[in-house]
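Hi there,

Here is the structure I promised to pass on. Please have a look at it first, and then read my notes below.

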Amino acid sequence: MPVPQLTIYRHDQRHRALITLSGEIGLESAPLVRAALAQCLSDGIRIVDVDLTPVTFCDCSGLNAFLYAAQRTKEDGGILRLHNPPPSRGRILELTGCGFLLLGLPLWHLSPSLGNVPDPDAPALPHRSVPLVPVLSGDAR
């Protein structure tokens, strides 16, 4: 059986980052997600928007990675928001009662400037005039 693929793209602008996850988030790939989000904090990023649009699967390992990252980000004075979760993941967030901790607006509702002011009520979308470069990718082994 093939190992699920997960690619992680990161686009920074000052103290904000957009992380786009593409592929499957499961037991084997959740550590990649956790590492990418932890790296944002290490790099001084305090507002992290995670786009889940290209995610094809996410189990409780992925949810745990997001909850852990959200807690760590909050402890460091930042905010982490998930955007556009797959319908099944959105339902799990709703059922577990943790959606309010993680869910942000759909990315198309965000303004075009990231800025450097940490304003959780006014999330911003980075422009995508340059291609996003994968920062982590692998077989998740």
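Helix α1 passes helix α2 in a right-handed crossing. A crossing is called right-handed if the near helix is turned clockwise from the far one by less than a right angle, and left-handed if anticlockwise. The contact is made by Ala 30, Val 33, Arg 34, Leu 37 and Leu 41 of α1, together with Ser 61, Gly 62, Asn 64, Ala 65, Phe 66, Tyr 68, Ala 69, Arg 72 and Thr 73 of α2. Contact here means heavy atoms within 4.5 Å. Sorted by type, the residues of this contact are eight nonpolar, four polar and two charged. In that sorting, Ala, Val, Leu, Ile, Met, Phe, Trp, Tyr, Cys and Pro count as nonpolar, Asp, Glu, Lys and Arg as charged, and the others, Gly among them, as polar.

Two packed helices are described by the angle between their axes and the distance between the axes. For α1 (residues 30-42) and α2 (residues 60-75), the angle is about 15 degrees and the axes are 9 Å apart. The axes are lines fitted to C-alpha atoms, for helices over the stretch in contact, and angles run from 0 to 180 degrees between N-to-C directions. The two helices are therefore roughly parallel to each other (angles under 35 degrees count as roughly parallel, over 145 as roughly antiparallel, 65 to 115 as roughly perpendicular and the rest as oblique).

Before you go further, a word on where this comes from. This is a predicted model, in which local features need pLDDT of at least 70, side-chain atom pairs count only at pLDDT 80 or more, and totals for chains, interfaces and linings use all residues. Residues are numbered from 1 along each chain as its sequence is written, and side-chain values use heavy atoms, with hydrogens and water left out. The pLDDT, which is the predictor's confidence in each residue from 0 to 100, averages 75 for the protein, and 65% of the residues score at least 70. Over residues 107-137 the pLDDT is below 50, and this stretch has 72 contacts in the model beyond near neighbours in sequence.

Now the whole chain. The protein has four helices and six strands, and from the N terminus on they run β-β-α-β-β-α-β-α-α-β. Helices (H or I, at least four residues) and strands (E, at least two) are DSSP runs, numbered from the N terminus. Of the 141 residues, 43% count as buried (buried means under 20% relative accessible area, exposed over 50%, partly exposed in between, with a 1.4 Å probe and protein chains only).

Is Ile 8 buried or exposed? Ile 8, in strand β1, is buried because its relative accessible area is 0%. Arg 10 is also placed in β1 (residues 6-13), and at 15% relative accessibility Arg 10 counts as buried. Arg 10 and Val 48 are 38 residues apart in sequence and 9.8 Å apart in space, C-alpha to C-alpha.

Arg 14 lies in the loop between β1 and β2 and is exposed, with a relative accessible area of 60%. Most residues other than glycine have a negative phi. Arg 14 has a positive phi of about 60 degrees, although it is not a glycine.

Happy exploring!
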